[in-house]
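Here is a short briefing to read alongside the structure.

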Amino acid sequence: MDGLTVLRVAVTVVFALNGLMLAVILIVKPLHRARDDRHRRRRSTYIALLSRHLASNSGKVEMGKKVADDQAFLDALIDLRSVIGGEEAEMLGDLVDRFDIARKQSVNLRRRIRTDRRLRAAVALAELADESAAPTLMAHLADNEQEVRVQCARGLGRMRWRPAIAAILDRFEVETPWVRSRFADSLVDYGTEATWPLISYIRVHHRLAAPGVPSAVRTLGAIGDSEAVPALLEVLDDSTDAEIQIAVVETLGRIGGPMAFDPVEKAARSEDWRLRAKAATALATLGDVSVIPTLALGLEDENWWVRRNSASSLSHLPTGIDVLYAALLSQDRFARDAASEALAEAGEVLAARARIESGRGEPRDIHLVDHVDKKLALL
Amino acid sequence: MKRILVADDSETVSMLVSTALANAGYSVTTVDNGMAAFSVGSEQDIDLAIIDQLMPGLLGMEVLEKWKSDGRDFPVIMLSSVNDETTIVDSLRMGAVDFVRKPFLVKELTARVSLALQRR
């Protein structure tokens, strides 16, 4: 075959393949759309049926058992489960039992084929199943599919299945950051039951600067149990890892309490700017006006984030606004800028303009508006 | 028969609430966005409105504010999944007669509707 013929054949093949792909798209896309529309209509029908079932409270079920095999029915149950509570949610739970949904979805989850079906099964179990599904969910915390693992952890957290706490924490070291943070979210559902397992995990792993430790620390912050504070203080003293220290300072700010105050204030004077910046934010969440002098110093920090966070924290504290106005007269240009930006975010610029326009403006209002207008003129 | 407007962009919530209210003997109109809610509330004879805080178009509080400016005085119950005290207080200050957080008991919402209508 000569070169021209080869070229002709190649071009023909490329065009033929493109044509085939276009044909597939033109046929497959409408088919998918039609399938999605049918699914949406069935889901709406099921929502209407289930709503009538809940409203009638008769206990009689108008649906045949075959609906339990329909994904649209499961989607309708999940949607309803997310908006109702109390005894009405229990009525939906009765339907889940009556239609044997947990067992059927457990079988689907254990299947090796059809990842999409396995994932839908994991979601259904996470949202609808009771504790009888816990062993299945536990077994799949190490599933090959990360989304399945996330849903299993979520389901176990919703059920507050205690044996899962240790199993979830065991996964912290091997999971990606995204999956680890989803696992951490599911631990928050356990509330204070997860406090001591988290503390044990942190105590063991922080010396190795294990990547899961900051997530575990932040989870304690989300739970908000003040019993964690002494352990967190130990870790802050002991750890040399900046990420862990930053997470601890953030968490101490979040949990609060008298024991948290001094270490967070000390962190605001750290040599590491990341720790100073985090401490500046944490001091605001501690909400004590005695932190104002520390934050005022932070306005003149060499690092932008520290200045910004200090200014923002001041704007959230009683009398902190006064400090920001005073900082507009500072010799330090960066302190003036940080103060004016925080005042603007707090709505003070608009309020100052309004006061000036109505004849009630004070000198500090004029000063603020002047400063902002000069900055805008430079842009 | 009392007429109730249900405004929520979630089909699930709309259907759930409208079914329960219809079962309780009310006539229900449903819409799925803020602009439609405002139009129906302004132009039709409504005895009570249940509106979601977060909707496309106008937010629930914006709809409530516009109704109040237009002098519409039917009771409004705010529905929200936002668990924020400021939102609750703002809604009540703006004139909502009640605030129901999601997830909710449909029976309880129906009872609150009945109470709000009795008080009117």
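Predicted model: local features only at pLDDT ≥ 70, side-chain atom pairs only at ≥ 80, totals over all residues.

Helices are DSSP runs of H or I with at least four residues, strands are DSSP runs of E with at least two, and both are numbered from the N terminus. The model has an ipTM of 0.87 and a pTM of 0.80.

**Confidence in chain B**

- The mean pLDDT of chain B is 91, and 100% of the residues score at least 70.
- Within chain B, confidence is highest in strand β1 (residues 3-7), at 96, and lowest in α4(B), where the mean is 83.

**Layout of chain A**

- Chain A splits into domain 1 (73-189), domain 2 (191-267) and domain 3 (293-379).
- Between the C-alpha centres of domain 1 and domain 3 of chain A there are 49 Å.

- Arg160(A) is not a glycine, yet its phi is positive, at about 55°.
- Arg160(A) counts as partly exposed because it has 14 C-beta neighbours inside 10 Å.
- Ala209(A) also has a positive phi without being a glycine, in this case about 50°.
- You will find Ala209(A) in the loop between α10 (195-205) and α11 (212-223) of chain A.
- Ala209(A) has 14 C-beta neighbours inside 10 Å, so it counts as partly exposed.

**Strand β1 of chain B and its partners**

- Since 4 of the 5 residues of β1(B) are buried, the strand is largely enclosed by the rest of the structure.
- β1(B) runs parallel to strand β2 (residues 27-31) of chain B, and 5 bridges join the two.
- In that pairing, Arg3(B) sits opposite Ser27(B) of β2(B).
- To get from β1(B) to β2(B), the chain passes through α1(B), making a right-handed β-α-β crossover.
- β1(B) is also parallel to β3(B), with 4 bridges between them.
- Leu5(B) has Ala49(B) in β3(B) as its bridge partner.

- Strand β3 (residues 48-52) of chain B is parallel to β4(B) and joined to it by 4 bridges.
- Across that pairing, Asp52(B) faces Leu79(B) in β4(B).
- Helix α4 (residues 85-93) of chain B carries the chain from β4(B) to β5(B) in a β-α-β crossover that is right-handed.

**A cis proline in chain B**

- The peptide bond from Lys102(B) to Pro103(B) is cis, and its omega is near -5°.
- Pro103(B) lies in the loop between β5 and α5 of chain B.

**Met61 of chain B**

- Met61(B) belongs to helix α3 of chain B.
- Is Met61(B) buried or exposed? It counts as buried, because it has 22 C-beta neighbours inside 10 Å.
- Leaving out residues up to four places away in sequence, Met61(B) touches Gln53(B), Asp90(B), Ser91(B) and Met94(B).
- Val31(B) is 30 residues from Met61(B) along the chain, and their C-alpha atoms are 16 Å apart.

**Where the two chains meet**

- The contact involves 16 residues of chain A and 14 residues of chain B.
- On the side of chain B that touches chain A, α1 (11-23) and α5 (106-119) of chain B are the elements giving two or more residues.
- α1(B) supplies the largest share of that side, with 8 residues.
- By type, the residues on this side of chain B are 8 nonpolar, 3 polar and 3 charged.

Definitions and conventions. Residues numbered from 1 in each chain as written. Chains lettered and ligands numbered in written order. Domains from an automatic or database assignment. Pairing = 2+ DSSP bridges. Right-handed = clockwise from strand over helix to strand, strands pointing away. Contact = placed C-beta atoms within 7 Å. Nonpolar A, V, L, I, M, F, W, Y, C, P; charged D, E, K, R; others polar. pLDDT = per-residue confidence, 0-100. Buried ≥ 20, exposed ≤ 12 C-beta atoms within 10 Å, placed from the backbone.
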